[in-house]
Amino acid sequence: MTGMMELASMGDRIDWLVSMLFTSRQMACYAFAVDSYSTLQRWISGEREPRSISLKAMLRYGISLNWVVDGIGPVVVTESEAGKELHTRLTDIIREQQPAVVPPEYRHLVKTRRSKR
């Protein structure tokens, strides 16, 4: 364990994707075919799960549905062109922003945080 927080729930994983890929939650709603901002909030809180149309929209972005739904495997489907582009984009974002929460396959991009004594 690296001391980083885990993306334990589907809501955690969706929230992470939204924060990494979009400048606003409204943009995420548009991209993921979500009918309202409150629906996205319900996904993140775990009150609701995405409908198939939204899951298909995520897949078109190159996002792995296995990862979104179950937390299994890589974040992106790198066999697709969209997945390759998304992987490159996430790599750049993580290197630049150094977020505290990162899926395992991107942890090597985060600089080790050392506590001062």
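Buried means under 20% relative accessible area. The model shown in these views is predicted.

**View 1. Phe32, a buried ring.** Phe32 has a relative accessible area of 0%, so Phe32 is buried. Phe32 sits in the loop between α2 and α3 (37-45).

**View 2. Phe22 and Tyr61, an aromatic pair.** A search of the whole structure finds four aromatic pairs. In one of them, the ring centres of Phe22 and Tyr61 lie 5.9 Å apart. Their planes meet at 70°, so the pair is edge-to-face. The two residues are 39 residues apart, and the pair links distant parts of the chain. Phe22 is in the loop between α1 (10-21) and α2 (25-31). Tyr61 belongs to helix α4 (residues 52-61). Phe22 has 10% relative accessibility and counts as buried. Tyr61, at 29%, counts as partly exposed.

**View 3. Phe32 and Tyr61, an edge-to-face pair.** The ring centres of Phe32 and Tyr61 are 5.7 Å apart. The planes stand at 80°, so this pair is edge-to-face. Phe32 lies in a loop and Tyr61 in helix α4, so the pair ties together parts that are 29 residues apart in sequence.

**View 4. A cluster of Phe22, Phe32 and Tyr61.** Ring pairs join these three residues into a cluster. Phe22 pairs with Tyr61, and Phe32 pairs with Tyr61. Phe22 is buried, Phe32 is buried, and Tyr61 is partly exposed.

Technical notes:
Residues numbered from 1 in each chain as written. Predicted model: local features only at pLDDT ≥ 70, side-chain atom pairs only at ≥ 80, totals over all residues. Heavy atoms only, no water. Phe/Tyr/Trp six-rings, centres within 6.5 Å; stacked < 30°, edge-to-face > 60°. Helix = DSSP H or I, 4+ residues; strand = E, 2+ residues; numbered from the N terminus. Buried < 20%, exposed > 50% of the residue type's maximum accessible area, 1.4 Å probe, protein only.
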